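Colleague: I am new to this one. Could you walk me through it, one question at a time?

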Amino acid sequence: MTDDELAQFDKSINEFWSKFKGTVSDTSSQMVGLRETYKDSIKACAEKLSVKLKEEERMVEMFLEYQNQICKQNNLIQEKKENLLRLVAEVKDKKQELDVLTANIQDLKEEYARKKETISAANKANEERLKRLQKSADLYKDRLGLEIRKIYGDKLQFIFTNIDPKHPENPFMFSLHLNEAKEYEVSDSSPHLECLAQFQENVRKTNNFSAFLANVRKAFMAMVYN
């Protein structure tokens with residue numbers, strides 16, 4: 001190879017090397033640029049991911065708070081439901097008590113009406129019996145010197161006169177009333193008659209009041225003559 005050819009070859013080699021170095025330099029610059037771009041992209045992506053994660057955490061917190069509120073509301077609703085059921089049960093119990101009380105009141109009213117009717121009938125019977133006694137009293141006053149007075153405690157006082165021939169005005173008396181059994185009850189004889197209890201038993205059995213008065217008068221007269 002001649003000197004000219006060698007010179008031309010060196011020149012070609014140098015040109016190739018210069019071009020190669022330029023190409024490598026451009027490639028390095030591009031790689032550095034790409035690396036910086038990649039770093040910026042990674043950083044931006046990391047920031048977006050961080051924001052997204054924070055939003056997700058907030059959403060999770062909001063969900064958990066909402067779930068907690070729902071749980072509290074359910075507990076409150078359950079408590080109100082239990083209170084309502086208890087109130088309903090109490091109202092039912094009160095209604096049953098009211099029904100029982102109403103039935104008891106009705107029974108008492110009916111019993112009172114029956115007793116009132118019984119008392120009314122007894123009072124009417126007593127009034128009729130007193131009327132008969134008063135009628136008999138008028139008759140006995142004229143014929144036997146007997147006076148009948150109404151005294152305390154719905155008692156009747158029977159006063160005989162014309163018993164003692166020496167003192168015809170002297171009174172001989174006893175008291176009479178109807179007891180709870182609607183029977184004759186004799187008491188307070190003056191002067192005292194031992195046989196008065198027997199007379200009482202007889203008039204209760206026979207209901208012959210005229211005979212009773214006649215026997216009492218005879219007993220007083222026997223006391224005077226004896």
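Modeller: Start with serine 175, which lies in strand S3, residues 172-178. Helices (H or I, at least four residues) and strands (E, at least two) are DSSP runs, numbered from the N terminus. The model is predicted: local features need pLDDT of at least 70, side-chain atom pairs count only at pLDDT 80 or more, and totals for chains, interfaces and linings use all residues. Residues are numbered from 1 along each chain as its sequence is written, and side-chain values use heavy atoms, with hydrogens and water left out.

Colleague: Is serine 175 buried or exposed?

Modeller: Buried means under 20% relative accessible area, exposed over 50%, partly exposed in between (1.4 Å probe, protein chains only). Contact means heavy atoms within 4.5 Å. Leaving aside neighbours within four places in sequence, the contacts of serine 175 include Ile151, Leu156 and Val186. With a relative accessible area of 3%, serine 175 is buried.

Colleague: Which residues of helix H2 are buried, and where do they sit on the helix?

Modeller: H2 spans residues 196-206, and its buried residues are Leu196, Phe199, Gln200 and Val203. Seen down the axis, they fall within an arc of 105° (taken from the directions from the helix axis to the C-beta atoms), so they line one face of the helix. On the other side, Ala197, Lys205 and Thr206 are exposed.

Colleague: Which residue follows H2, and what is its phi?

Modeller: Most residues other than glycine have a negative phi, and most peptide bonds are trans. Asparagine 207 lies in the loop between H2 and H3. Asparagine 207 is partly exposed, with a relative accessible area of 46%. This residue follows H2, and its phi is positive, near 60°.

Colleague: Where is the cis peptide bond?

Modeller: Look at proline 191, in the loop between S4 and H2. Omega is about 0° for the bond that joins serine 190 and proline 191.
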